[in-house]
Amino acid sequence: MSALEPDSLPKGAFGLRQRATTRASVVVVDMVYAPVRRGDQMGILMIRTAATEGKTSPQDAVGLLNKALHRADAHIASDQLIAPAQSSPASGSATATPTSPPTP
């Protein structure tokens, strides 16, 4: 998995790309997440598209997100969600910090 370029997404949204190898091809799955607000209601939209690598996808995740926002009469609430930090190859990979279970 890799992060989608932040500049390719609306402000406040973030996305991931996954490549899955099948016997016949490679499938590319794009997932875009956006925190949304409609009036005083908050929520999150997740748009997912899948296409065979090398072929033009009939759907674009960002275009679908814009359509979903329009249909829901909602807007992205960019202050409600922070995208995960990205590590760069120069800085090494991100590692999880172990935590202790809560003490009763």
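This is a predicted model: local features need pLDDT of at least 70, side-chain atom pairs count only at pLDDT 80 or more; totals for chains, interfaces and linings use all residues.

Q: How do I read which strands pair, and how many bridges join S1 to S2?
A: Two strands pair if at least two bridges are found between them. Strand S1 (residues 2-3) is joined to strand S2 (residues 14-21) by 2 bridges, and the two run antiparallel. Ser 2 has Arg 17 in S2 as its bridge partner.

Q: In which sense do S2 and S3 pair?
A: S2 and S3 are antiparallel, with 8 bridges. Thr 21 is paired with Val 26 in S3, and Leu 16 with Met 31 in S3. S2 and S3 form a hairpin, and 4 residues lie between them.

Q: What else does S3 pair with?
A: S3 is joined to S4 by 12 bridges, and these strands run antiparallel. Val 29 is opposite Ala 50 in S4. S3 and S4 also form a hairpin, with 2 residues between the strands, and Gly 39 there takes a positive phi near 65°. S3 pairs with S5 as well, in the antiparallel sense over 2 bridges. In that pairing, Val 36 has Ile 76 in S5 as its bridge partner.

Q: How do I check the length of the helix, and what span should H1 have?
A: The expected span is 1.5 Å times one less than the number of residues. Helix H1 (residues 61-72) has 12 residues and should therefore span 16 Å; its end C-alpha atoms are 16 Å apart, which agrees. Just after H1, Asp 73 takes a positive phi of about 50°.

Q: Which residues of H1 are buried?
A: A residue is buried under 20% relative accessible area and exposed over 50%. In H1, the buried residues are Ala 61, Val 62, Leu 65 and Leu 69. They lie on the same side of H1, because the arc they cover around the axis is only 95°. Lys 67, His 70 and Arg 71, on the other side of H1, are exposed.

Q: What covers the buried residues of H1?
A: The cover includes strand S3 (26-38), S4 and strand S5 (75-76).

Q: How do I read a nonpolar core, and which residues touch the most other members of the largest one?
A: The largest core here has 14 residues, and Leu 9, Ala 13, Val 32, Leu 65 and Leu 69 touch the most other members. S3, S4 and H1 each supply at least two residues of this core. H1 gives the largest share, 4 residues.

Q: What does Val 32 touch?
A: Setting aside residues up to four places away in sequence, Val 32 touches a list that includes Leu 4, Phe 14, Leu 45, Ile 47, Ala 61 and Leu 65.

Q: Is Thr 49 buried or exposed?
A: Thr 49 has 10% relative accessibility and so counts as buried. Thr 49 belongs to strand S4 (residues 41-52). Beyond its neighbours within four places in sequence, Thr 49 is in contact with residues including Val 28, Asp 30, Gln 59 and Leu 64.

Q: How do I read an aromatic pair, and how many does the structure hold?
A: Planes under 30 degrees apart count as stacked. The structure holds 1 aromatic pair. Phe 14 and Tyr 33 form this stacked pair, at 5.3 Å centre to centre and 20° between the planes. Phe 14 lies in strand S2 and Tyr 33 in strand S3, so the pair ties together parts that are 19 residues apart in sequence. Phe 14 is buried, at 16% relative accessible area, whereas Tyr 33 is partly exposed, at 22%.

Q: What share of the 104 residues counts as buried?
A: In the protein chain of 104 residues, 23% count as buried. As for contacts between residues at least 6 apart in sequence, 40% join residues at least 24 apart.

Note on methods: Residues are numbered from 1 along each chain as its sequence is written. Side-chain values use heavy atoms; hydrogens and water are left out. Buried means under 20% relative accessible area, exposed over 50%, partly exposed in between (1.4 Å probe, protein chains only). Contact means heavy atoms within 4.5 Å. The arc is that of the directions from the helix axis to the C-beta atoms. A nonpolar core is a set of buried Ala, Val, Leu, Ile, Met, Phe, Trp, Tyr and Cys residues joined through side-chain atoms within 4.5 Å. Rings of Phe, Tyr and Trp (its six-membered ring) pair if their centres lie within 6.5 Å; planes under 30 degrees apart count as stacked, over 60 as edge-to-face and the rest as tilted.
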